[in-house]
Amino acid sequence: MLVSRIKYSALNLIPIREGQTDKEAIEQHIKLAQHLETLNYERLWIAEHHNAPNLVSSATSILIQHTLAHTNSMRIGSGGIMLPNHAPLIVAEQFGTLKKIYGDRIDLGLGRAPGTDMATASALRRDQHDGVYRFPEEVQQLLHYFGPDSKQGYVKAIPAVGTNIPLYILGSSTDSAHVAAREGLPYVFAGHFAPDQMKEALSIYRELFEPSEYLDEPYIIVCLNTIVADTNEIAQHLSTTQIQVFASIMSGRMQKMQPPVDDLEQILSPRVIRMAQQRVDQSLVGDKSTVKEKIKSFIQHYGEIDEIMAVSYIYDEALQHQSYTKFKELLEELNQD
């Protein structure tokens, strides 16, 4: 089976490991970014989450700036900015400023959900009753703000005018696939936590895509949980941290990232384990050979994709870096087959 060249990138929610401070989690994020840059990863994105005591990714644009300041060449962006929480004008001003400082290294991934519970969403000040429904309109506003000066109105997003910052539409269901296709923008699917509608969403995007001034043909990025180790047994052991993360989210406990365990049933019920495993059903877990075959099977089932954005919940920092190294190596090998 022939596989088209697939780019590799990464998403980080900046989780706090058990025993860590917030500051230490941010410092580990920077070390990860620098490691990924040495590996020539295409991009590193940071997610937006609010009122999550296990994550340090609420002030996304500030973290993007901090990451840009500590790297030299890799693209840094949002995975994503949750647009219902922010006025498009302010988003444009912030990202326009980042581009003026750091040049063409900025990506703006946009999501249509608040990235939190509804009580917290209400505290974020914007009208949550229609924010989600105005998402297509606000995407168009951002495209306008980043466009040429000749097409601006009285209100301008200075200094974003003419910066043409690339926009990416994020989705975890079929809704945003329509927006990305209609606007002719790249589409990023959250396969790392919502695989159920992935096949349908990707099909909709491919079938309805309309070429635009931004993109001639569909461009698909899929986020997948990725753990690559020396052996399948080690990878499966490391993945127990990932299961604990999703079990914690589903229970609402939002506990810090836990070390791997030998037996999940000692700490979680079989039902919770099954539910958590369903959320990460498409994970790329194993040694390099196993993950290669999983990628081939993925493409056979879901169709060709342009980029895999790896999300790695691995407690040990050195093993997390090693996993990203092995993932890059296996994708380069796969691209040469």
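The protein chain has 11 helices and 9 strands, where helices (H or I, at least four residues) and strands (E, at least two) are DSSP runs numbered from the N terminus. This is a predicted model, in which local features need pLDDT of at least 70 and side-chain atom pairs count only at pLDDT 80 or more, while totals for chains, interfaces and linings use all residues. Residues are numbered from 1 along each chain as its sequence is written, and side-chain values use heavy atoms, with hydrogens and water left out.

**Overall dimensions and packing**

- The C-alpha trace spans about 60 × 45 × 35 Å along its principal axes.
- Of the 337 residues, 55% count as buried, a term that means under 20% relative accessible area, with exposed meaning over 50% and partly exposed in between (1.4 Å probe, protein chains only).
- Among contacts (heavy atoms within 4.5 Å) between residues at least 6 apart in sequence, 73% join residues at least 24 apart.

**Strand 1 and its partners**

- Strand 1 (residues 7-12) has 5 of its 6 residues buried, so it is largely enclosed by the rest of the structure.
- Strand 1 pairs in the parallel sense with strand 9 (residues 307-311) over 4 bridges, pairing being assigned if DSSP finds at least two bridges between two strands; Ser 9 stands opposite Met 309 in strand 9.
- Strand 1 also runs parallel to strand 2 (residues 43-46), to which 3 bridges join it, and here Asn 12 stands opposite Ile 46.
- The chain passes from strand 1 through helix 1 (residues 22-38) to strand 2 in a right-handed β-α-β crossover, meaning that, with the strands pointing away from the viewer, the path from the first strand over the helix to the second runs clockwise.

**Nonpolar cores**

- The largest nonpolar core has 97 residues, and those with the most contacts inside it are Phe 95, Leu 108, Ile 295 and Phe 327; such a core is a set of buried Ala, Val, Leu, Ile, Met, Phe, Trp, Tyr and Cys residues joined through side-chain atoms within 4.5 Å.
- Strand 7 (residues 220-228) supplies the largest share of this core, 6 residues.
- A second, separate core of 6 residues includes Ile 227, Ala 229, Leu 238 and Val 285.
- Leaving aside neighbours within four places in sequence, Leu 108 is in contact with residues including Val 91, Phe 95, Leu 142, Phe 146 and Ile 165.

**Helix 5**

- In helix 5 (residues 135-145), the buried residues are Phe 135, Glu 138, Val 139, Leu 142, Leu 143 and Tyr 145.
- Seen down the axis of helix 5, these buried residues fall within an arc of 165°, so they line one face of the helix; the arc is that of the directions from the helix axis to the C-beta atoms.
- The cover over the buried residues of helix 5 includes helix 3 (88-102), strand 4 (106-111), strand 5 (167-171) and helix 6 (175-183).

**Two individual residues**

- Ser 323, found in helix 11 (residues 317-336), is buried, with a relative accessible area of 1%.
- Leaving aside neighbours within four places in sequence, Ser 323 is in contact with Thr 226, Ile 227, Val 228, Ser 312 and Ile 314.
- Gln 266 lies in the loop between helix 8 (232-251) and helix 9 (270-279), and at 64% relative accessibility Gln 266 counts as exposed.
- Gln 266 and Ile 16 are 250 residues apart in sequence and 23 Å apart in space, C-alpha to C-alpha.
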